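Dear colleague,

Please find below the structure I am handing over to you. My findings follow it.

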Amino acid sequence: MNIDSIQNGVVIDHIQAGQGMRLYHLLKLDQTELSVAIIRNVVSHKMGKKDIIKIDADIPVNLDVIAYVDPGATVNIIRNGALVEKRQMELPLTLTDVLVCKNPRCITSTEQELHHIFKLTDRENKVYRCLYCETKAGG
Ligand code: ZN
């Protein structure tokens, strides 16, 4: 794809440099056949350096995941070559099936069918805790 001219797709911009790959995996884009470009360490006047993800398909992206990884990111929806929507992020109160609890004794480790749910418990420090055992989400 020509990464400069997406006709219909999603551009996630202003991602903190170094977070692009992590976001790519958490959005499960590695599990799709879509044409996706990750552009790393783009020089930005505002941020110094930033990452950008361009998805050459008009798909719904999980805004909660993007907000979790980087609340400062912006999501641009492109249709027919024009920017039709720009979305600002807000930290989600819960994250479902995004993070996996690391506590081996957590019920989600043994009950495979349970959803992995994390709750925002400290907005200022962006702390999420497992709904079931309150273990802090890491990384
Ligand atoms: Zn847990």
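Among contacts in the protein (heavy atoms within 4.5 Å) between residues at least 6 apart in sequence, 58% join residues at least 24 apart.

This is a predicted model, in which local features need pLDDT of at least 70, side-chain atom pairs count only at pLDDT 80 or more, and totals for chains, interfaces and linings use all residues. Residues are numbered from 1 along each chain as its sequence is written, and side-chain values use heavy atoms, with hydrogens and water left out.

The protein contains three helices and eight strands; these are DSSP runs numbered from the N terminus, with helices being H or I of at least four residues and strands E of at least two. Their order along the sequence is β-α-β-β-α-β-β-β-α-β-β. The C-alpha trace spans about 50 × 30 × 25 Å along its principal axes.

Of the 139 residues, 39% count as buried (under 20% relative accessible area, with exposed over 50% and partly exposed in between; 1.4 Å probe, protein chains only). Carbon and sulfur atoms account for 48% of the accessible surface, which comes to about 8,300 Å² (Shrake-Rupley method, 1.4 Å probe).

The protein carries 17 positive and 17 negative side chains, and the centres of the two sets lie 6 Å apart. Lys and Arg count as positive and Asp and Glu as negative, without His and the chain ends; each charge is placed at NZ of Lys, CZ of Arg, CG of Asp or CD of Glu.

V36 belongs to strand β2 (residues 36–44), and V36 counts as partly exposed because its relative accessibility is 23%. The C-alpha atoms of V36 and K54 are separated by 5.6 Å, although the two residues are 18 residues apart along the chain.

Yours sincerely
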